[in-house]
Amino acid sequence: MLTRVVLNQADIDRALTRIAHEILEANKGSQDLVLLGIPRRGYPLAVRLAAKIAAADPTVDAAAIVGQLDVTMFRDDLSHQPTRPPYPTQLPRTGIDNKVVVLIDDVLYSGRTIRAALDALIDLGRPRIVRLAVLIDRGHRELPIRADHVGKNLPTSSSEKVRVRLEETDSVDGVPVNEVVIEATA
Amino acid sequence: MRHLLSTEDLSLQNAIRILDTAEEMAAVGEREVKKLPALRGRTVVNLFFEDSTRTRISFEAAAKRLSADVINFAAKGSSVSKGESLKDTAQTLAAMGADAVVIRHWASGAPHRLAATDWIDAAVINAGDGTHEHPTQALLDAFTMRRHWAKLAGIPSTGADLQGMRVAIAGDVLHSRVARSNVWLLRTLGAEVTLVAPPTLLPIGVEKWPCTVSFDLDETLAKGVDAMMMLRVQGERMNASFFPTTREYSRRWGFDDNRLRALDTLGLKDTIIMHPGPMNRGLEISSAAADSPRSTVLAQVRNGVSIRMAALYLLLSGETREPAASSHAANPNATYSHQESH
């Protein structure tokens, strides 16, 4: 199998730093910000982004603005896939009503996960604004959805696989973490 | 997992999976919108050949919270009272397109029969068969115990088991499918189970079960118990005299006010008192015990909905069995692996 590293640890870190500043810029500051990561790899990315936002704006408590949003039960492919166990949904104490919610995921592909996330979000409350930040946008959208903040636009063929391996979720001995690779599956 | 028929053959991995999924389902009950779209368009039939209020309502609430359509079928007032067989009833339900059948039957083994034959191609959930098993009740009991046990240990309950927990189950073990299901499941989860009952209310072969048996409730309590489960005295199944009087039963095997006080004097401050319901207050459990802060009776009812949601979700959400789904899967652009579902 052919694999190619497209982002290494430093690239991921730089991309996240830029996205953190873009989020602050688009929101004109840190007021009402809530970062919700989509399991599994969106959540550690949300935690990293919150830390960077807190570093840029000392009035922000990183732990108080970050949460996790599980979308499993809202997917449109539940009956076409092996059963998926749900992950916990944890919202910040302040809730999401009238907040600026930034959804965070690792890879944006068909857009169906984000469609599910929007449905899940609406059952939990009514945010003022919902934005989307992703580390990788690999194209091949199947729904009218786009990201507001993108780490890297990655032109891919749909026969390729994009794997994001993070320290928090993919720590297995011998496998390098904190990098993004493309696997060609011929 | 294709069916949920018994806890005896439920693996540790599957048991933990159901309990963990139920933890996430429990969170839905605390939301503004207490509903998930996961089973939209699926039909769940509650097939009850025996009276039940809480189990049927609990399954109905669980299915509705997952957006499934629910059909309630009670044997009374149906063609079963005209002599229809289980096979014909099942085939009728199959023709109506049931995706899951929740069955309670007075005959032990009826759910297994339904699952093993080709009468109906639906997931079968045993909601109590005769004096055999009642797996979802055991799972909700284990869920309640696990939350308590994990809280005492100061760890999150997700992923945990019941290693080292001492559980006593007292009362009418002979007629109790709840006791049977609990013994198997609690053994799988690593708890130590003691059954306490008069010799007349113990089944033949109980010595081969993976638990200890005692005839003396006070002695069992004195040895230390972390969860005390009282079973209902099933008057409707008793066609012989199993104990001299209800007063004697209550004094020797009921959880009365004296035994409630004894928990404090024995220093068992974290022991919980459980009952699967419906309770015979004053017989197997006193009102003071049933309403004490130690009692988990209402928590058990609440957790029952979460457990049944988890079971329905895990049995029904996988790949559909209709051939229509395979044409979709044959298109490589439409298939995503679990890791790659963006």
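Modeller: Gladly! Let us start with a definition: a crossing is left-handed if the near helix is turned anticlockwise from the far one by less than a right angle, and right-handed if clockwise. Do keep in mind that this is a predicted model.

Biologist: Which hand does the crossing of α2(B) and α11(B) have?

Modeller: The two helices are residues 54–65 and residues 297–316 of chain B, and their axes are 8 Å apart. By the rule above, their crossing is right-handed.

Biologist: Are α2(B) and α11(B) oblique or parallel to each other?

Modeller: They pack at an angle of about 55°. Angles under 35 degrees count as roughly parallel, and 65 to 115 as roughly perpendicular. The pair α2(B) and α11(B) is therefore oblique.

Biologist: How many residues of the contact of α2(B) with α11(B) are nonpolar?

Modeller: On the α2(B) side you will find Phe59(B) and Ala62(B), among others, and they meet a set in α11(B) that includes Val305(B) and Leu312(B). The contact also has two polar and three charged residues. The nonpolar count is eight.

Biologist: Now the domains: which element gives the most to the side of domain 1 of chain B that touches domain 2 of chain B?

Modeller: Chain B is divided into domain 1 (12–134 + 301–320) and domain 2 (135–296). In domain 1 of chain B, 24 residues are in contact with 23 residues of domain 2 of chain B. On the domain 1 side, α1, β4 and α11 of chain B each supply at least two residues. With eight residues, the element that gives the most is α1(B).

Note on methods. Residues numbered from 1 in each chain as written. Chains lettered and ligands numbered in written order. Predicted model: local features only at pLDDT ≥ 70, side-chain atom pairs only at ≥ 80, totals over all residues. Axes fitted to C-alpha atoms, helices over the stretch in contact; angles between N-to-C directions. Helix = DSSP H or I, 4+ residues; strand = E, 2+ residues; numbered from the N terminus. Parallel < 35°, antiparallel > 145°, perpendicular 65-115°, else oblique. Contact = placed C-beta atoms within 7 Å. Nonpolar A, V, L, I, M, F, W, Y, C, P; charged D, E, K, R; others polar. Domains from an automatic or database assignment.
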